[in-house]
Amino acid sequence: LLCQLFSTCVAFSLVADMGIGRGALGNWTLSIWCFCFAVTLIILMLQIWKLMSDFPSIRYKYSVTYACYAALLCLSVSVIYSTTYVQFLPYGPYRDRAIAAIVFSCIAFLLYAVEVGVIWRVFWFSDVTCYVLTVPGLLKVLETFTACVIFAFISNTSLYHDQPALRWCVAVYTICFLQAAVVLVLNLGDCEYRLPIPFPIFQLGLTLLSVLLYASAVVLWPLYQFDEKVGGQPQRSSDVNCSIMGDPNYYVCPWDQRLAVTVLTAINLLLYVADLVFWSCRVSVGTEDPPRGS
């Protein structure tokens, strides 16, 4: 934890006071490093005060869930920050500091990934199970993580506010994210067996709804963003905001944001389809997860 704390602290400290614009995605990467630092610090303080020592299963479940998200977030911000910001910086101290921040972000990713592996081995050799270390749990983590990255790219409301179909897509991303988050919370709180219906059927219904919603988004988003007949821009050069940008250093072209959301929407649809297949097989053979140990 100390190494994770140090890596995330150094990452955001290097770029926080650079004194130059970062843009929306740059601010998002900085907030991710701050978030990881803050949560890691809280977990460290809880361990120092031994507040969770009497609840080892709760400690491990929440720790591995956070470590999974932190590893994915640090990896994603390392890639996004380097491709949308650092590569445009002029050679000099600012560029060196930004590159150093990416290095420490990658180190943090490796440290969080190692923590996930260590905790996984603890669960493997114990009777305590953890939802996020199962196939459906990992799929839920990836689904919610992908949605978070989509939210970062659609922070520019000009991408969708003029078209009702695109606003529907944003609603789809939000609804499906909330559904997946509810499932994670139910499992982390060991509340899944308190539902009035069997949990696999509950999961199957939510996942089927998410697949149908994402199927509509995977059609509507690229259609209204790239088809000229409905006001889209099929080529990057046709986007005026990309061709006449006066300061490209700290600005992500809206057309690139549209393309990124299109790709991420397709990826998340595939994740939900895999999730649907899993729960369809589980329900068809009539099996359920055994009650978890506390």
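The lining of the largest pocket draws at least three residues from each of domain 1 (1–127) and domain 2 (134–289), the domain bounds being those of an automatic or database domain assignment. The model is a predicted one, in which local features need pLDDT of at least 70 and side-chain atom pairs count only at pLDDT 80 or more, whereas totals for chains, interfaces and linings use all residues. Residues are numbered from 1 along each chain as its sequence is written, and side-chain values use heavy atoms, with hydrogens and water left out.

A pocket is here an open set of points, on a 1 Å grid over the protein atoms alone, with protein on both sides within 12 Å along at least five of seven lines, while a cavity is a set of points where a 1.4 Å probe fits but cannot get out; lining residues have an atom within 4 Å of a point. The largest pocket has a volume of about 390 Å³, a volume being the space filled by probe spheres set on grid points that are joined across faces, edges and corners. Its lining comprises 18 residues, of which Tyr62, Thr65, Tyr66, Tyr69 and Leu188 are the closest to its centre. At least two lining residues are supplied by each of helix H2 (23–48), helix H3 (56–84), H5 and H6, and the largest share, 6 residues, comes from H3. The lining divides into 15 nonpolar, 3 polar and no charged residues, where Ala, Val, Leu, Ile, Met, Phe, Trp, Tyr, Cys and Pro count as nonpolar, Asp, Glu, Lys and Arg as charged, and the others, Gly among them, as polar.

The structure also holds 1 cavity of 30 Å³ or more, and the volume of the largest cavity is about 40 Å³. Helix H6 (164–188) and helix H7 (199–226) are the elements that give two or more residues to its lining, which includes Lys140, Cys176, Gln203 and Tyr272. In this lining, 5 residues are nonpolar, 4 polar and 1 charged.

Overall, the protein has 9 helices and 0 strands, assigned as DSSP runs (helices H or I, at least four residues; strands E, at least two) and numbered from the N terminus. Buried residues, those under 20% relative accessible area with a 1.4 Å probe and protein chains only, make up 44% of the 294 residues. In helix H5, 14 of the 19 residues are buried, so H5 is largely enclosed by the rest of the structure.

Technical notes:
Buried < 20%, exposed > 50% of the residue type's maximum accessible area, 1.4 Å probe, protein only.
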